[in-house]
Amino acid sequence: MHAESRCPDCGPVAPLHVPENIGAEIVASVVDRIQAAQPGQPAVPLWCPWPLPPGWTTTGVAWAGDDRLGVRATAVACAGPEPLGGGPADLVFVAEEPGVGLGARYAGVPGPDAGPELAEALTEPGPGHPGHVGRAGIKVAGHPTPLWLINSLTDRSAYAGEARGLWLYAIAWPASAGHLLAEDVVLHDLVEWMPTELVYGAPSPYLHGKA
């Protein structure tokens, strides 16, 4: 018998909670949960692009944790037109404490986090070298924040970095949708303030593990 949730491959894991639907009331309830779970402590951010890119909608929220440990990771999903081909695209942004593994799960990579891959990225050759791996530059709460490309399943692209002392992941489907991160993307923490102008779309299949 174990008091915590367990994965047969990884051992103890933080249980994932994904509301079936999405809307202002759902997001507000998740924000309330985050704030109530960590009184007096910095809350795990709920990163959402704001303003949303043209034609994009918010399609889901999720959190990982339990009553004992509190909220240890969050995810926000968005969908809209792919920047290159014009077809549908999806993005999931994950904020998590070290060792949770939610971002790695959505990226489709083994292990609890992207630490080993980022160590390689930080020592790689610079621009112009054939071994150079590009990085995305976005703004997080008004601060320029680099994200490095990490290995992922071929149907998606995944970037990882750090914001507010936590892991930050951005996972895009299809892989070419990662080019959106080369544009002027600004992430805002919905825990601090939820824009009333947020537009909501059909629930994301990716948050529900259908990817």
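1. Let's begin with Cys48. Cys48 is buried because its relative accessibility is 1%; buried stands for under 20% relative accessible area, exposed for over 50%, and partly exposed for what lies in between (1.4 Å probe, protein chains only). Cys78 is buried too, with a relative accessible area of 1%. Which cysteine sulfur is closest to that of Cys48? The one in Cys78, at 4.6 Å, and that is too far for a bond. A disulfide is a covalent bond between the sulfur atoms of two cysteines, and the cut-off here is a pair of cysteine sulfur atoms within 2.5 Å. A search of the whole structure finds zero disulfides.

2. A word on what you are looking at. This is a predicted model, in which local features need pLDDT of at least 70 and side-chain atom pairs count only at pLDDT 80 or more, while totals for chains, interfaces and linings use all residues. Residues are numbered from 1 along each chain as its sequence is written, and side-chain values use heavy atoms, with hydrogens and water left out.

3. Now the overall picture. The chain has three helices and twelve strands; helices (H or I, at least four residues) and strands (E, at least two) are DSSP runs, numbered from the N terminus. Of the 211 residues in the chain, 46% are buried. Contact means heavy atoms within 4.5 Å. Among the contacts in the chain with a separation of 6 or more, 61% are between residues 24 or more positions apart.

4. Next, the sheet. Strands of a sheet pair through backbone hydrogen bonds, either parallel or antiparallel; two strands count as paired if DSSP finds at least two bridges between them. Ten strands form an open sheet with mixed pairing, and their order is E3-E5-E6-E7-E11-E10-E9-E8-E12-E4. Strand E3 (16-17) and E4 stand at the edges with a single partner strand each, so one side of each is left without a neighbour in the sheet.

5. E8 pairs with strand E9 (residues 143-150) in the antiparallel sense over six bridges, and Thr145 in E9 is the bridge partner of Ile138. E8 and E9 form a hairpin with two residues between them, and Ala141 in the turn has a positive phi of about 55 degrees. With strand E12 (residues 186-189), E8 runs parallel, joined by two bridges; here Val140 stands opposite Leu187.

6. Strands E10 and E11 are another pair to look at. They are antiparallel, with seven bridges. Ala158 stands opposite Ile171 in E11.

7. What about the interior? A nonpolar core is a set of buried Ala, Val, Leu, Ile, Met, Phe, Trp, Tyr and Cys residues joined through side-chain atoms within 4.5 Å. The largest such core has 38 residues, of which Leu46, Trp47, Ile138, Leu168 and Leu187 touch the most other members. Elements that each supply at least two residues of this core include helix H1 (24-37), strand E5 (57-66) and strand E8 (135-140). A second, separate core of 26 residues includes Val92, Ala114, Leu118 and Trp148. Not counting residues up to four places away in sequence, Trp47 touches residues including Val76, Phe93, Val140, Leu168 and Leu187.

8. Helix H1 lies across E5 and E6, running at about 25 degrees to E5; axes are lines fitted to C-alpha atoms, for helices over the stretch in contact, and angles run from 0 to 180 degrees between N-to-C directions. Ile34 lies in this helix, H1. Is Ile34 buried or exposed? Ile34 counts as buried, at 0% relative accessibility. Among the residues that Ile34 touches, not counting those up to four places away in sequence, are Ala43, Leu46, Val71 and Val191.

9. Finally, the aromatic rings. Rings of Phe, Tyr and Trp (its six-membered ring) pair if their centres lie within 6.5 Å; planes under 30 degrees apart count as stacked, over 60 as edge-to-face and the rest as tilted. The structure holds two such pairs. Trp167 and Tyr169 form a tilted pair, 6.2 Å centre to centre with 40 degrees between the planes, and both residues are buried. Trp173 and Tyr206 form a stacked pair, 4.0 Å centre to centre with 15 degrees between the planes. This pair links distant parts of the chain, with Trp173 in strand E11 and Tyr206 in the segment after E12, 33 residues apart.
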